Amino acid sequence: MKNVEEKISENINEIFGGKPEKGHRERFAEKLSLMQKPKHKSFISYLKYIATTAAVVAVAFFVFKTEKTEDKSTAFNDVHIAEVKQYYAMQLNDEIDATKELLKNIDEPYRNELLSDIKLMEIDENEIPNTLDNERKTALVVSIYKRKIESLHNLQSSLLACNKQINIK
């Protein structure tokens, strides 16, 4: 560090007193304009992004899926929990329909892959252990559906960005 400081102090007149070479300003302006141009991402990169998002959604679905216990629960017979489950299932179906509508503009191989991931979300194998009280059972149902709905919102955002790029071109 001291070596650099010594070189700067020895050459201070050359560094600050000298004039730039001919064409320096033009070269600098050209480099600056290249840096300021908007960068367009290709359609393929957006499809890769969407496919990655779908894979993350599928993995998240399996990771956060509640574990089945040996003692299969009949907790959904409780009226309150059944109503909560039905309410969130309707919201999930609305989000699935909205996502399927956005998938119409995506190439078929990617669309089919995303649709198969969405079908996995529709499957309801969530069994709640009887050891939980009603409040915790309800909270578990809500968290399961909220994760699925949030995943669909993320996928919809990606699809909207992709569709916007397609419409720009």
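How many salt bridges does a search of the whole structure find?

1. The search finds two salt bridges, a salt bridge being a side-chain nitrogen of Lys or Arg within 4 Å of a carboxyl oxygen of Asp or Glu. This is a predicted model, in which local features need pLDDT of at least 70 and side-chain atom pairs count only at pLDDT 80 or more, while totals for chains, interfaces and linings use all residues. Residues are numbered from 1 along each chain as its sequence is written, and side-chain values use heavy atoms, with hydrogens and water left out.

2. Lys104 counts as exposed at 55% relative accessibility, whereas Glu101, at 48%, counts as partly exposed; here buried means under 20% relative accessible area, exposed over 50%, and partly exposed in between, with a 1.4 Å probe and protein chains only. Asp133 and Arg136 form a salt bridge with their closest N and O atoms 3.8 Å apart. Asp133 is partly exposed at 40%, and Arg136 is exposed at 57%.

3. Glu95 deserves a separate remark. It is found in helix α5, residues 79-102, where helices are DSSP runs of H or I with at least four residues, numbered from the N terminus. Leaving aside neighbours within four places in sequence, Glu95 is in contact (heavy atoms within 4.5 Å) with Ile149, Leu152, His153 and Gln156.

4. Turning to the rings, the count comes to two aromatic pairs, where rings of Phe, Tyr and Trp (its six-membered ring) pair if their centres lie within 6.5 Å, and planes under 30 degrees apart count as stacked, over 60 as edge-to-face and the rest as tilted. The rings of Tyr87 and Tyr88 have centres 5.1 Å apart and planes at 85°, so this pair is edge-to-face. Tyr87 is partly exposed, with a relative accessible area of 44%, whereas Tyr88 is buried, at 13%.

5. The rings of Tyr88 and Tyr145 have centres 6.3 Å apart and planes at 25°, so they are stacked. Because Tyr88 lies in helix α5 and Tyr145 in helix α7 (residues 134-168), this pair ties together parts that are 57 residues apart in sequence. Tyr145 is buried, with a relative accessible area of 5%, and ring pairs link Tyr87, Tyr88 and Tyr145 into a cluster. The charged end of Lys148 sits over the ring of Tyr145, 5.5 Å from its centre, under a rule that asks for NZ of Lys or CZ of Arg within 6 Å of the ring centre and within 35 degrees of the ring normal.

6. Of the 25 residues in the largest nonpolar core, Ile50, Ile106, Leu114 and Leu159 touch the most other members; such a core is a set of buried Ala, Val, Leu, Ile, Met, Phe, Trp, Tyr and Cys residues joined through side-chain atoms within 4.5 Å. The elements giving two or more residues to this core are α4, α5, α6 (108-122) and α7, and α7 gives the most, with eight residues. Not counting residues up to four places away in sequence, Ile50 touches Ile106, Leu114, Leu155, Ser158, Leu159 and Cys162.
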